[in-house]
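Please view the sequence and structure below before reading on.

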Amino acid sequence: MTTTLFTDARKVDADGEVDGFWMLVDGDLIVATGATVPGSRVPGSRVADGARGGVDATRASSASPAGATPTRSTPPGGAVPPPADVTVDLAGATLTPGLIDLHTHGGGGHAFDGGPDDLDAGLALHRRHGTTRSLVSLVANPVPVLTRSLGLIGDLMRRDPLVLGAHLEGPFLAPDRRGAHAPHVLLEPDAATVEALLEAGDGVVRQVTVAPELPGGLDAIDRLVAAGVVAAVGHTEADFDLARAAFDRGASLVTHAFNAMAGIHHRDPGPLVAAVGDERVTIELILDGVHVHPAVAELVLRSAPRRVALVTDAMAAAGASDGDYRIGELAVTVDHGVAVLSGTSTIAGSTLTQDAALRLAVTAAGLSPVDAVAALTLVPAHVLGLDAGGRRTGTRAAQAGNAPTAQGTAQDPRAAPAPDAARSRGQAEARPPLGRLAPGHAADAVAWHDDWTVARVWAAGRELPVG
């Protein structure tokens with residue numbers, strides 16, 4: 001395979017900031033990293049615990065990280081970069097891992113519940129803005145329509161490894177918290193419907209949003225977790241106690257914090273306070289200045305460090321002009337970049353791209369570049385079990401050894417996942433981990449201008465078009 005050497009970068013990822021950074025890529029894999037400025041680091045940078053000495057810790061990087069399976073020989077890291085077939089001189093530009101979006105419905109004028117061309121075009125828009133890996137989110141639709149969409153996403157995954165799977169935001173949503181989802185297609189999460197969607201999207205469904213108060217809601221969370229699918233609490237009337245119960249059953253994500261759920265009240269804290277207080281739970285946040293005020297966003301980001309994943313919830317108008325659009329069966333009007341259901345004030349997705357979310361995280365929400373980048377890379381990778389450490393399966397109570405699993409028997413947290421969980425995660429397990437610029441990780445990277453606008457993008461070692 002062709003080897004590519006990236007030189008003279010300012011590396012920023014969840015592990016810290018490093019000047020004079022170099023990275024050797026072999027095909028789609030990072031095989032070695034180092035730095036040409038021994039003993040120094042970017043002024044004011046922060047490095048993770050254990051990365052002592054800043055750059056010196058990175059200079060030694062050549063082995064695969066814990067949990068990763070080395071598939072190629074890895075030259076030693078150090079101050080002198082190794083030879084390569086191709087050299088990319090970044091001339092001091094910032095280099096981060098590729099961004100990961102857990103929640104996006106379209107872009108560039110194309111909705112993801114359309115045809116194959118819509119999927120390709122919408123993803124291309126987000127890739128130009130630094131998003132190298134995506135879940136494809138689907139709004140509530142009749143089960144046959146969702147089944148068709150899951151089939152198209154499965155076809156896309158087979159030809160495009162940058163697509164991580166599907167996120168079903170509907171149909172298991174509370175009617176009064178439905179947001180931009182058609183009310184007549186909402187369903188209770190009964191066992192037959194959950195099973196039908198899992199079977200239709202075998203290996204494709206990676207994340208499902210559930211209102212746990214619906215009849216069968218908690219049982220549905222059990223089934224999703226047993227299948228290796230991320231269960232997210234969202235579009236819900238759940239209070240603090242019910243949200244905690246959902247998390248104890250294995251839900252590990254909150255769909256777009258504050259939106260389509262109760263807010264925070266001093267005597268009725270609501271589901272978000274339950275999530276902030278639970279180290280097992282990650283919180284989606286749409287940081288566009290519209291869905292959540294930046295000051296409130298900052299509060300959540302600081303209250304749940306490294307547990308907030310910045311998502312776009314983008315609809316077709318992201319990267320496109322204002323005007324009239326549709327989300328599923330519903331008409332949407334976009335004015336000055338704000339999407340609402342036509343004739344109402346109900347927000348209907350966003351027109352956000354992840355590079356804009358990164359800029360707002362740094363300039364408006366007060367995050368350091370390291371933590372802002374982590375919220376768009378390592379945190380979402382961890383939700384899906386695609387970081388180096390992976391994600392445990394099974395219900396939380398079962399992991400603690402004090403409750404039955406969906407099959408009715410206690411489960412050791414170290415035990416192998418159930419067969420259906422292993423099957424649904426098979427494609428992910430064959431991939432290198434995501435979220436860091438480190439040996440053994442996927443060669444996904446974004447080079448940035450000084451103002452945090454995208455300069456160049458690589459995914460799986462291949463440069464993608466920008467602009």
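## Crossover units

Strand β10, helix α4 (residues 191-200) and strand β11 form a right-handed β-α-β unit. Right-handed here means that, with the strands pointing away from the viewer, the path from the first strand over the helix to the second runs clockwise. Strand β9, helix α3 (residues 143-159) and β10 also make a right-handed β-α-β unit. Helices (H or I, at least four residues) and strands (E, at least two) are DSSP runs, numbered from the N terminus.

## Basis of the model

The model is predicted: local features need pLDDT of at least 70, side-chain atom pairs count only at pLDDT 80 or more, and totals for chains, interfaces and linings use all residues. Residues are numbered from 1 along each chain as its sequence is written, and side-chain values use heavy atoms, with hydrogens and water left out.

Strand β9 (residues 131-138) runs parallel to β10, joined by 5 bridges; two strands pair if DSSP finds at least two bridges between them. Ser137 has His167 of β10 as its bridge partner. With strand β11 (residues 205-210), β10 pairs in the parallel sense over 3 bridges, and Ala166 stands opposite Val205 in β11.

## Whole protein

The protein contains 14 helices and 21 strands. Of its 467 residues, 56% count as buried.

Among contacts (heavy atoms within 4.5 Å) between residues at least 6 apart in sequence, 69% join residues at least 24 apart.

Notes. Buried < 20%, exposed > 50% of the residue type's maximum accessible area, 1.4 Å probe, protein only.
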